[in-house]
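Keep the sequence and the coordinates open while reading.

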Amino acid sequence: MILGFDVGGSKISMFLSDRNGNILRRSRVRTPDFKRPEDLIEQLVTMSRDAEHAAASDIETVSVVFAGAVDGKRGIIRSSPNLFGGIEIPLSDILEDILKKTVYIENDATATAISEKIFGNGKAFSNFIYLTLSTGIGGGIFMNNRVYRGSLGMAGEFGHMVVDPQGPVCGCGRKGCFEAVAGGKAALKIMDRIKAYERSECLRQTPRENVEAKQIFECAEKGDPPCLEVVGELTKNMEEGVASLINIFDPEAVMVGGGLSNSKKLVYESIEKNSPSLLATMKRDVKFFRTSQVTVELSPMAVVLYEEEIPGFNIERIIKEMKERITVAREKRDGF
Ligand SMILES: [Zn+2]
């Protein structure tokens, strides 16, 4: 059996699959109190043992997908801004010692790029990039049919490409990073600068301190003019950033994920339409795809399938199961 974890800033998702591609178990826990790396390790070990116990069968492989700077090749977390900061953690070795299983670890965006190749639209391409547009901006690179991790596993940090040296200060300390002008936090900064909150009846239904990018996008989707201005400026910055990435990587395709891209018309379609045309002097034929939730959720599994041949693993079956489970979860959440 294969156990997959997705460790984010505030939650851990887990699923257990057999070696044929049947999902046996799936769960999610909140992780508000991780003060030290030991807390995370303990949590992963407990969840692994519980899953093994419940399935009454041995887990052979564990795959951990992690939001932070991860050296997947060496199995090391180099830094994790959302959890422990700059502490280096040799997570693969530690978990292998405790659990006595093969352990893979990968950065979440790189893992999603791998998942695009194995489960998603990336199947059809040898060269593509994955871009996630959310509070932050991250990415993964697939080149010549192989994932590209860089020398230390840090490649694909698209969010920290400087696009405006005079721009706002980024979380990384530099000014005008792509993320600082086009990520979710940038939406709030633009809102303040152009006084969109004060001018927007729609936004003012939420107290100022509770406004996140999500509310700005929701109001913009309803046609609220000040919020449309914010999203318009943000999207322009996204288009510029994506155009530069196309210039650098010359990809066959760009896969776009992350919460902000759910705004299909305002964000995704604008990027698809306008980014390549910013490079008008060099004719490009880049295809765009939205990354599905199934592709994201299957990314820990994709890391294993990328590293190991598993005879008899049924990819279509696991996609179908995951789709059904996601639909059920969504219906439950929406109160059906
Ligand atoms: Zn930065």
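## Terms and model

Two strands pair if DSSP finds at least two bridges between them. Helices (H or I, at least four residues) and strands (E, at least two) are DSSP runs, numbered from the N terminus.

The model is predicted: local features need pLDDT of at least 70, side-chain atom pairs count only at pLDDT 80 or more, and totals for chains, interfaces and linings use all residues. Residues are numbered from 1 along each chain as its sequence is written, and side-chain values use heavy atoms, with hydrogens and water left out.

## Strands β1 to β4

Start with strand β1, residues 2–7. Five of its six residues are buried, so the strand is mostly covered (buried means under 20% relative accessible area, exposed over 50%, partly exposed in between; 1.4 Å probe, protein chains only). β1 has pairing partners in β2 and β4. With strand β2 (residues 11–17), β1 pairs in the antiparallel sense over six bridges. With strand β4 (residues 61–66), β1 pairs in the parallel sense, again over six bridges. G4 shows both contacts: its bridge partner in β2 is F15, and in β4 it is S63.

The chain turns between β1 and β2 as a hairpin, with three residues between the strands. β2 and β3 form a hairpin too, with five residues between them. In that turn, G21 has a positive phi of about 100°. Strand β3 covers residues 23–30 and runs antiparallel to β2, joined by seven bridges. Within this pairing, I12 stands opposite V29 in β3. In a regular strand, side chains alternate between the two faces of the sheet.

How many bridges join β5 to β6? Three bridges join strand β5 (residues 69–71) to strand β6 (residues 76–79), and the strands run antiparallel. D71 has I76 as its bridge partner in β6. The two strands form a hairpin with four residues between them. G75 sits in the turn, with a positive phi of about 75°.

Most residues other than glycine have a negative phi. K100 has a positive phi of about 60° although it is not a glycine. K100 lies in the loop between α2 (91–99) and β7 (102–107). At 67% relative accessibility, K100 counts as exposed.

N145 also has a positive phi, of about 70°, and is not a glycine. It lies in the loop between β9 (137–143) and β10. At 39% relative accessibility, N145 counts as partly exposed.

H160 and C172 both lie in the loop between β10 (146–148) and α4 (178–182), so the pair ties together parts that are 12 residues apart in sequence.

The ideal angle for four tetrahedral donors is 109.5 degrees. H160 is partly exposed, with a relative accessible area of 26%. C172 is partly exposed as well, at 41%.

## The second largest pocket

The second largest pocket has a volume of about 220 Å³. A pocket is an open set of points on a 1 Å grid over the protein atoms alone, where a 1.4 Å probe fits, with protein on both sides within 12 Å along at least five of seven lines; lining residues have an atom within 4 Å of a point. Grid points are joined across faces, edges and corners, and the volume is the space filled by probe spheres set on the points.

The pocket is lined by 13 residues, of which D164, P168, V181, E233 and N237 lie nearest its centre. α4, α5 (184–193) and α8 (225–249) are the elements that give two or more residues to the lining. The largest share, four residues, comes from α5. By class, the lining has six nonpolar, two polar and five charged residues. Here Ala, Val, Leu, Ile, Met, Phe, Trp, Tyr, Cys and Pro count as nonpolar, Asp, Glu, Lys and Arg as charged, and the others, Gly among them, as polar.
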